[in-house]
Amino acid sequence: MNFHSLRLRMAAWYAGVLAICLIAFGGSVYLGLARYLDSTLRSSLRSEAQSIGEKLLVDVNRKGEKFVTGEINEMAPETSGRFIRVTRQDGTKLYESPAPVNQMFIPAKIPILRSWGPRPFSLEDASSGPPVVLIEAVPFVAPEGNSFLIQVGASSRDIRSVLHGLLLTLALGMPLIIAGAAVGGILVMRRALHPLDEITRTAETITSRNFGERLPVIRTGDEIERLTTSLNRMMVRLEDSFQHISRFSADVSHELRTPLTILRGELESLAQFEHLSPATLEVVGSALEEIARLTQIVNQLLEISRLEAGQATKEIGFVNLGELAISTAEQMRLLADEKSIRLEYLVSSEVTVVGSASLLRQVVVNLLDNAIKYTSKEGSVELLVETRGPKAVLEVRDNGIGIPSDSLPHICERFYRADKARTRHSGGAGLGLSIVKSICAAQGGELSIFSSEGEGTRVRIEMPRTNGKTQIANEETAHAYLHLER
Amino acid sequence: MRILLIEDEVKLSGFIKRGLVAERYAVDVAKDGRSGLELAQTYQYDLILLDLMLPGMDGSDVLRRIRKENSSVPVLILSARDTVQDKVTNMETGADDYLTKPFAFAELLVRIKALMRRGPVNRASTIRISDLELDRLSQQVKRGGQRIELTAKEYALLEYLMSNAGRVLSRNMIIEHVWDQSFDGITNIVDVYIRHLRNKVDTGHDSKLLKTVRGVGYTIREGAEA
């Protein structure tokens with residue numbers, strides 16, 4: 001499962017926020033209830049204490065202490081679980097209730113107060129262990145002037161068991177609610193994101209071949225609909241420019257190649273079938289050479305424009321870059337031998353990339369051709385293929401004439417020549433590096449050139465590497481893969 | 001042998017026709033797709049050369065109509081469009097070969113002969129030109145009985161030239177045949193290999209077999225200059 005998926009992240013956030021809200025709510029309910037129960041019990045204890053004072057102790061001097069204790073006993077504090085104690089001014093007990101039937105506390109263990117202020121006060125006693133006994137103490141002064149302290153208490157057990165039950169309900173209920181909400185959230189998100197899935201699926205089937213297709217617009221009136229319509233609009237624009245470039249390149253092909261074909265054909269038949277003087281033959285031959293050069297320029301320009309338009313739909317697959325580099329270089333070895341240039345390979349055999357073998361071969365050919373062309377006799381050219389982290393690196397190094405630093409930024413521009421006079425007669429149209437650059441861009445690679453004049457040049461191409469283990473079913477997936485890697 | 005050429009550029013069809021007539025073919029020329037299709041439906045041709053961008057009816061449509069009528073006449077497409085897509089589409093429609101403009105006339109001839117199964121390519125196991133002998137089985141080359149050591153590329157180059165002996169092969173044809181398309185456009189690879197081959201084959205012999213036809217290409221043949 002993908003833990004970074006929007007669906008799960010949204011559900012997690014949602015569940016998290018819900019959990020925080022529930023905990024806050026549960027906490028306040030618990031604390032509120034605890035305080036409410038506590039104060040309700042205390043106020044009833046206090047009113048009981050006050051009524052003992054006002055109804056019984058009022059007559060203590062008149063009717064005698066015996067009468068008062070008898071009356072209090074009549075209230076049967078042991079069965080109602082109450083603790084009642086009346087203390088005289090000198091700290092001696094006037095009355096103390098017997099131990100309650102439920103055995104929640106032992107009255108004798110609750111310490112006797114010897115002095116007190118004029119105001120009622122609250123206290124609690126833990127001598128019988130939890131649960132504590134809550135006690136309300138009310139001072140009472142009889143009309144005759146002798147004062148008493150009336151203490152009425154009760155065990156907090158009932159409050160505790162109510163709160164405990166609440167805590168249990170919350171603790172069991174909250175995780176259930178949160179889990180339910182999370183699952184519901186995932187389901188809701190899945191439903192909500194379903195149109196996006198649909199859009200993605202359709203978008204993936206649209207390639208340069210069926211550009212006419214559009215994404216289905218789901219009339220939801222919200223972000224999803226806006227997304228689909230703007231994607232569709234983008235595809236219309238892409239299709240337009242794609243077709244424009246295709247049409248342009250087809251037109252250019254036709255308009256330039258037809259006259260070239262005629263020129264070439266006419267001159268060739270002149271050279272081969274007529275009996276011309278050597279001088280005329282020379283002229284015809286020279287014209288034919290220029291036609292060949294022109295043809296090459298047209299071909300290369302068209303190739304660059306097609307590469308830039310992303311139309312280079314040549315076979316894409318796994319390419320062993322090292323093998324390809326060496327086999328290509330071997331076929332050019334004689335060019336190096338001619339100039340006694342040492343051609344060396346520093347090639348690792350385990351470098352695999354996804355790309356078009358014929359385009360990559362063209363890269364190697366162009367780079368080596370340049371390196372050999374611009375390296376003087378007995379120089380050296382090195383071809384390097386290696387892995388650097390997630391990248392495959394192809395590098396051609398020479399110790400040739402190098403590139404002047406002011407030319408370096410322009411070296412990949414079409415028709416640019418670092419030194420016009422020198423390179424003119426070495427042939428080529430100045431398009432080699434432009435093609436290399438376009439091929440790199442089309443294959444998700446990066447081209448960098450390091451050079452210092454008189455010392456040599458290093459041209460490096462870095463491409464995403466693959467371990468070659470993933471099986472690519474067809475060209476389309478390979479294309480998608482290429483885009484992902486980019 | 002009768003060839004139908006459907007091509008709207010008069011000059012282009014002019015020199016193709018001249019060249020083919022010189023090679024003793026009978027050539028009919030149609031200037032647009034419709035009349036080309038009519039000719040193809042009326043007469044029995046041994047080969048049709050078909051341009052793609054035609055007025056009236058597109059070359060691909062002509063091809064489709066010809067194939068629909070179950071005609072199996074070989075069709076060679078001549079087109080300025082050089083994308084893989086164009087080639088694949090037309091080969092699927094039923095073209096037998098595809099040649100991109102501008103082409104060397106020699107290449108057109110080679111392909112025509114291949115399509116008409118007259119064998120331009122000499123498939124015999126030994127090819128002999130004058131006292132130069134190439135054995136395809138053992139991949140050995142001898143001149144005047146003397147063995148010549150060649151590298152693999154030099155051998156492939158010589159074999160290509162010798163199996164098309166007497167025909168001038170353009171640099172482009174040589175590159176595509178001996179190397180591959182990727183090597184097209186680099187400076188002088190063919191010239192360098194030809195020079196080396198010449199050193200091994202012709203140096204020290206009175207008759208020079210490897211000949212340069214300036215601006216056109218290279219050929220191997222007996223006798224004096226081209």
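Predicted model: local features only at pLDDT ≥ 70, side-chain atom pairs only at ≥ 80, totals over all residues.

Residues are numbered from 1 along each chain as its sequence is written, and chains are lettered from A and ligands numbered from 1 in the order in which they are written.

Chain A contains 13 helices and 12 strands, taken as DSSP runs numbered from the N terminus (helices H or I, at least four residues; strands E, at least two). Of its 486 residues, 27% are buried, that is, 20 or more other C-beta atoms, placed from the backbone, lie within 10 Å of the residue's own.

Helix α6 of chain A, residues 223–273, has 51 residues and spans 72 Å from its first C-alpha to its last, close to the expected 75 Å (1.5 Å times one less than its number of residues). A kink of about 25 degrees lies at R257(A), shortly before P259(A); the bend is the angle between axes fitted to the seven residues ending there and the seven starting there. R257(A) is itself buried, as are L256(A) and T258(A), among others in α6(A). The cover over the buried residues of α6(A) includes α5 (157–205) and α7 (278–308) of chain A, together with α1 (10–22), α5 (105–115) and β10 (210–213) of chain B.

Helix α1(A), residues 6–55, packs with α5(A) at about 160 degrees, the axes being 9 Å apart; axes are lines fitted to C-alpha atoms over the stretch in contact, and angles run from 0 to 180 degrees between N-to-C directions. The two helices are therefore roughly antiparallel (angles over 145 degrees).

Terms used
Buried ≥ 20, exposed ≤ 12 C-beta atoms within 10 Å, placed from the backbone. Contact = placed C-beta atoms within 7 Å. Parallel < 35°, antiparallel > 145°, perpendicular 65-115°, else oblique.
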